[in-house]
Amino acid sequence: MAPHVDPATAWMKYILFTINFVIWVMGGAILGLGIWVRSDSDFWEYHRGLDIPQYYQACYLVITLGVIILIIGFFGCCGAALDSPCMLFTYFVILVIIVLMELTAAGLVWKHADGEKFQQFLTDSIKHAIDRSQHENMEAFRFVELLQLHLECCGGYDKNDYHMDDIPQSCSSDRTNNIFIHGCGENIRRYLEMKAGAIGGVALGLVLIQILCLIFTGCLFCILREDSKDYM
């Protein structure tokens with residue numbers, strides 16, 4: 001005879017299945033965001049013009065994380081649906097490791113992130129590209145023009161990075177013909193922070209859901225293990 005499942009356990013199974021389905025969907029969202037950043041043509045123009053390999057590596061890290069979360073979400077759904085204590089325990093251990101890794105990575109980013117230093121690095125890199133563009137380096141010239149047109153900025157720090165007679169048309173608004181007041185170092189930092197913020201927001205929501213999932217998984221595992229002992 002099949003063991004009787006009390007309503008509380010049944011509800012816990014449904015909730016755990018639903019949470020894991022949400023995790024699976026969010027894994028797909030993170031994967032999609034990683035692909036979105038990776039396929040952004042403007043981003044790769046900026047990457048070629050600036051020495052920021054950490055963003056190049058982060059794209060593939062986010063894509064890999066999305067794939068892993070998709071697999072974990074599917075595994076959790078199966079564990080809840082099949083009433084398998086062994087599968088739930090394995091899922092619980094893997095999820096604990098993933099959450100600890102995510103929190104550690106977030107802590108390291110928070111510790112080492114310094115917007116002012118990063119902006120200064122970007123500003124210096126753009127000023128160097130401007131110097132090269134003025135010495136007939138066509139690749140540097142195209143990069144600076146793209147940056148100033150797309151981000152509506154002028155120079156690395158501001159328009160004073162150019163001699164007054166050498167300020168290019170890309171430094172001016174098509175609508176008003178006024179020179180942009182913000183430097184490209186500041187604007188590209190905001191651009192990259194916007195991209196990172198979209199991924200970070202989804203990741204933060206995911207960690208909170210994963211912690212909730214750990215609680216329900218632990219409770220359901222204990223209940224199923226006790227039930228299996230009672231029917232041995």
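How many helices and how many strands does the chain have? The chain has seven helices and zero strands, where helices (H or I, at least four residues) and strands (E, at least two) are DSSP runs numbered from the N terminus. This is a predicted model, in which local features need pLDDT of at least 70 and side-chain atom pairs count only at pLDDT 80 or more, while totals for chains, interfaces and linings use all residues. Residues are numbered from 1 along each chain as its sequence is written, and side-chain values use heavy atoms, with hydrogens and water left out.

**Overall packing**

- Of the 232 residues, 39% count as buried, meaning under 20% relative accessible area, with exposed meaning over 50% and partly exposed in between (1.4 Å probe, protein chains only).
- Where residues at least 6 apart in sequence are in contact (heavy atoms within 4.5 Å), 75% of those contacts join residues at least 24 apart.

**Nonpolar cores**

- The largest nonpolar core has 20 residues, and Leu16, Ile23, Tyr91 and Cys213 are among those with the most contacts inside it; such a core is a set of buried Ala, Val, Leu, Ile, Met, Phe, Trp, Tyr and Cys residues joined through side-chain atoms within 4.5 Å.
- Two or more residues of this core come from each of α1 (7-39), α3 (53-82), α4 (85-112) and α7 (184-230), and α1 gives the most, with six residues.
- Because domain 1 (7-82) and domain 2 (98-231) both give residues to this core, it lies between them, the domain bounds coming from an automatic or database domain assignment.
- Leaving aside neighbours within four places in sequence, tyrosine 91 is in contact with Asn20, Ile23, Ile72, Phe75, Gly76, Cys213 and Thr217.
- A second, separate core of 19 residues includes Ala129, Leu151, Cys154 and Cys171.

**Disulfides and remaining cysteines**

- The count comes to two disulfides, each being a pair of cysteine sulfur atoms within 2.5 Å.
- Cysteine 153 and cysteine 184 form a disulfide with their sulfur atoms 2.1 Å apart, which links the loop between α6 and α7 to helix α7 across 31 residues, and both of these cysteines are buried.
- Cysteine 154 and cysteine 171 form a disulfide with sulfur atoms 2.2 Å apart; both cysteines lie in the loop between α6 and α7, so the pair ties together parts that are 17 residues apart in sequence.
- The sulfur of cysteine 219 is 6.8 Å from the closest cysteine sulfur, in cysteine 222, and this is too far for a bond.
- Cysteine 219 is partly exposed, with a relative accessible area of 36%, and cysteine 222 is also partly exposed, with 39%.
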